[in-house]
Amino acid sequence: MSEDRTEQDAPVYQLPVPGCWEQHPNLASYRGRGVYRKSIHTSQKTSLRFVFKGVSHTADVSFDGIPVAHHYNAYTAFAAIVKDVDPGDHVLKVEVDNGFHEGSSLHVHNDYYTYGGLIRPVSVEEIGDAFIDRIEFEPRRNDTGWEADIRLHLCSITDTDQEFRVTGSVAGQSLDFGLVQLPAGQSLSVSHSMAFSGVEAWSHENPALYNLEVQLEDPDGGVIDDLIERVGFRVISTSNGKIQVNGKDVVLKGFNRHEDHGSVGASFSLNLMVQDLDLMADMGCNSVRTSHYPNDERFLDLCDERGFYVWEENHARGLTLEQMRNPNFIQQCEDVNREMVTQHYNHPSIIIWAILNECASHTEEGRVHYQRQLEQIRSLDGSRPLTFASHHRERELCFDLADIVSFNLYPGWYGPEDAGELCDKARGWADAAGGLGKPMIMSEFGADAVYGYRMPSRVKGTEERQADIIDENLTAYQSRHFISGMFIWQFCDCRVTEEKVGPLWRVTTQNIKGVVDMYRRPKLAYEVVKRHFGDK
Ligand code: ADA
């Protein structure tokens, strides 16, 4: 990778992919453009499909000097297809930009850090004249057990019409889409519904997963492409002011988690993701909020396996109305919403979609965006309830648009309010703003604590004070029947940008409300959470 200067004088570094360029000692705070190059050798004529799982934050991909893909947003995947590659040596080039400028409406100076580089894995596959782009599995309960709609999305990359047989299996039962006519150069969706017997429902207590396997066969029976997904049989509903999983009321107990670590920044290895979930499970959590962007699919896979309920949200934090007026905002939100839902659709752990954390939902102009985005997500997936986290208290204007009402409030930290009294008031604000009868989540609460700073005075900034404030909040929320979820802000300390974010300026240039620090060292609050969330 080289910093973006004229080719000949740019410094060159050998960087791991995936990885954040900030890991390199010379790039610890580098913000700007960089160019990654990778030599590729092919031994036969073929077509290639590169899938970039996360490039932070804007990527321009070229192959042998020819542009093949552009993508904005670090937190969703995108593909680049290169057709008819001749045998020989080739160069894949990815120009990356993590700068803050008008071209970026969502990655801005903020109370978290936008790292730089190819922060999530890259895969490359040889493809034929057609491939399986994705498959959606939508389970439903019926009188005898389970059924599902299965929607298969195919793509053609050739200039001739093709016919395929599409078969497979799900939960051990055979699946047959029959013969599919795929027009030249087109994409096509085919659906199939089927009933199942003898499958177990997915839940926190029993995260049962099944393989969904599909293959594309040409008229001679040759397999052109195949795809294996893992799915779970579960349905989510909201009724009587509560959230249900498979018809049973649940209370979500967990953390807000930034993808940030003192050693690797945003570029997690699997074992570090496992460690985070092990720590949250040790504290008795059953859920996690992906604050404030779609997460790495491997983390979601782990949540599927371990029965964690996930609130996944689009990419936005605290954007003012002025920032929402950025000419790129509408399109960049529409893109991340579509990519989040279509790419993560099959994760049974995701039980809630959310948007626009603490943006301008207290204004009529902001409401237009909330309405448009919630409708967009609902049109992509009608099977999950929608929400957004608001801090606008009695000025909130958009709760009528959501299925669940959620508040970010910090009693005891940003104000001397009693957590229980504030929670009761918040229920009133929600009811008055279109949230009457809807489940309510306390989506953020907590306090700063400097790791290792302990004082008998329990003053603000000590671990003791953080523990006291979290203790008071959890006591209040767990004793109120109308609270269907609580997400502590936050799981781990995280890096932020140096520039002030509104009135916010962070000592150590970190948000230190973590219950563990950036290296996952527990603060005193860890045991408080464990006492509240642990098995009673
Ligand atoms: C807001 C915001 C979080 C974080 C928090 C805080 O609720 O949603 O990202 O900035 O405040 O620590 O103040």
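## Ligand site, pockets and cavity

The model is predicted, so local features need pLDDT of at least 70 and side-chain atom pairs count only at pLDDT 80 or more, while totals for chains, interfaces and linings use all residues. Residues are numbered from 1 along each chain as its sequence is written, and side-chain values use heavy atoms, with hydrogens and water left out.

| Residue | Distance to a ligand oxygen atom |
|---|---|
| Tyr 414 | 2.5 Å |
| Asn 511 | 2.9 Å |
| Tyr 410 | 3.5 Å |

Taken alone, the ligand exposes 320 Å², and the protein buries 96% of that (Shrake-Rupley method, 1.4 Å probe).

The ligand sits in the second largest pocket, meaning that more than half of its atoms lie within 2 Å of the grid points of that pocket. A pocket is an open set of points on a 1 Å grid over the protein atoms alone, with protein on both sides within 12 Å along at least five of seven lines; a cavity is a set of points where a 1.4 Å probe fits but cannot get out, and lining residues have an atom within 4 Å of a point.

The second largest pocket has a volume of about 790 Å³. Its lining has 34 residues, and Arg 317, Glu 358, His 391, Pro 503 and Leu 504 are the closest to its centre. This lining divides into eleven nonpolar, 14 polar and nine charged residues.

The largest pocket contains about 1,100 Å³ of space. Of its 36 lining residues, Lys 53, Asp 133, Arg 134, Glu 297 and Gln 343 lie nearest its centre. Strand S15 gives the most to this lining, with six residues. By class, the lining has eleven nonpolar, nine polar and 16 charged residues.

One cavity of 30 Å³ or more is found in the whole structure. The largest cavity has a volume of about 40 Å³, and its lining includes Asn 110, Asp 111, Leu 504 and Trp 505.

How values were computed
A polar contact is a pair of N or O atoms within 3.5 Å; within protein, one must be able to donate a hydrogen and the other to accept it, and residues adjacent in sequence count only if both atoms are side-chain atoms. Grid points are joined across faces, edges and corners, and a volume is the space filled by probe spheres set on the points. Helices (H or I, at least four residues) and strands (E, at least two) are DSSP runs, numbered from the N terminus. Ala, Val, Leu, Ile, Met, Phe, Trp, Tyr, Cys and Pro count as nonpolar, Asp, Glu, Lys and Arg as charged, and the others, Gly among them, as polar.
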